[in-house]
Amino acid sequence: MLTRIRNQFGTAGLVVAVVALIAALAGTAFAAAGLNGKQKKEVKKIAKSFAGKPGATGPTGPAGPAGAKGDTGAKGDTGAAGSNGSAGATGATGPTGATGPTGADGLTGFTEVLPEGKTETGAWVASMAKDASDFVPLSFNIPLDTAPAPEFVGEGTSANCPGVVSGVPTAEPGKLCLYSYKVGIGKLEATFLTPTSFGIGSGKSGTVVAFECKDDPCAQIGTWAVTAPVAGP
């Protein structure tokens, strides 16, 4: 009979049935006194020995729906802007800087006549046979207010013509000076003629120099300078 009961309930089911049966038969005695400590251990031991092994862990369940978005927190108060500081006092004016150097004089623009005491210069060349003559024109870039007094100094100098032929040809105010290079050959004599009437002398805009060759041959080059006259006091 016990075998039929076990086959029907199984080992674990049989144990539970036996325990239930004992509890039912004990009645109020068990209810009043309860299981003692030893009996509790025996029951747990019997139940544990016949208990089945834990089953495998089940699959992870699907994720639950996303929760509702929480309310936005209240915005904090903005602090009050600080006040601007007061403007500082104006500093003292610095000392005046030193005066810069005076600039060089600018170029003189167009003038109708050469200013008083100013000089202009040029060059000339003459070549001829013995006992021949040649005419060499000298034109002033800027005309003079009055015609200058001409003087031919050749390779030398004079009171009116203190310049150097190979350096800076010069002339005193109101004078026209002709200088000759030392590399020339032959001896020349010069006669000044006005460019308009070819009279003796020079004009306001230039002169014509009539050279005569006294040696065979003559070849000379040189420079000239003219300075505008200066009005007296």
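Predicted model: local features only at pLDDT ≥ 70, side-chain atom pairs only at ≥ 80, totals over all residues.

User: What makes the phi of aspartate 131 worth noting?

Analyst: Its phi is near 65°, a positive value in a residue other than glycine. Most residues other than glycine have a negative phi.

User: Why is the pair of tryptophan 124 and phenylalanine 152 called edge-to-face?

Analyst: The ring centres of tryptophan 124 and phenylalanine 152 are 6.5 Å apart, with 65° between the planes. Rings pair if their centres lie within 6.5 Å, and planes over 60 degrees apart count as edge-to-face, so this pair is given that name. The pair links distant parts of the chain, with tryptophan 124 in strand 1 and phenylalanine 152 in strand 3, 28 residues apart.

User: How do you know which of these two residues is buried and which is partly exposed?

Analyst: Buried requires under 20% relative accessible area, exposed requires over 50%, and partly exposed lies in between. Tryptophan 124, at 4%, therefore counts as buried. Phenylalanine 152, at 26%, therefore counts as partly exposed.

User: Is the pair of tryptophan 124 and phenylalanine 211 stacked or edge-to-face, and why?

Analyst: The two ring centres lie 4.9 Å apart and the planes are at 20°. Planes under 30 degrees apart count as stacked, so the pair of tryptophan 124 and phenylalanine 211 is stacked. This pair also links distant parts of the chain: tryptophan 124 belongs to strand 1 and phenylalanine 211 to strand 6, 87 residues apart. Phenylalanine 211 has 1% relative accessibility and therefore counts as buried. Trp124, Phe152 and Phe211 form one aromatic cluster, and a search of the whole structure finds four aromatic pairs.

User: What surrounds phenylalanine 211?

Analyst: Leaving aside residues up to four places away in sequence, phenylalanine 211 touches a set of residues including Trp124, Met128, Val136, Phe152, Leu178 and Leu188. Asp134 and Glu189 are also among them.

User: Which residues have the most contacts inside the largest nonpolar core?

Analyst: They are Trp124, Leu178, Phe211 and Trp224, in a core of 19 residues. The elements that give two or more residues to this core are strands 1, 2, 4, 5, 6 and 7. Apart from it lies another core, of six residues, among them Val153, Ala171, Cys177 and Ala225. In soluble globular proteins, nonpolar side chains tend to be buried together.

User: Why is strand 7 described as largely enclosed?

Analyst: Eight of the ten residues of strand 7 are buried, so the strand is largely enclosed by the rest of the structure.

User: How do you know that cysteine 161 and cysteine 177 form a disulfide, and what is its handedness?

Analyst: Their sulfur atoms are 1.9 Å apart, and the criterion is a distance within 2.5 Å, so the two cysteines count as a disulfide. The torsion about the S-S bond is about -80°, so this disulfide is left-handed. Cysteine 161 is in the loop between strand 3 and strand 4, and cysteine 177 is in strand 4, 16 residues apart. Both cysteine 161 and cysteine 177 are buried.

User: What makes the disulfide of cysteine 213 and cysteine 218 right-handed?

Analyst: The torsion about its S-S bond is about 80°, so it is right-handed. The S to S distance between cysteine 213 and cysteine 218 is 1.9 Å, and both of these cysteines are buried. The structure holds two disulfides; with the bonded cysteines numbered in sequence order, the pairing is 1-2, 3-4.

Conventions. Residues numbered from 1 in each chain as written. Heavy atoms only, no water. Core = buried A, V, L, I, M, F, W, Y, C linked by side-chain atoms within 4.5 Å. Buried < 20%, exposed > 50% of the residue type's maximum accessible area, 1.4 Å probe, protein only. Helix = DSSP H or I, 4+ residues; strand = E, 2+ residues; numbered from the N terminus. Contact = heavy atoms within 4.5 Å. Phe/Tyr/Trp six-rings, centres within 6.5 Å; stacked < 30°, edge-to-face > 60°.
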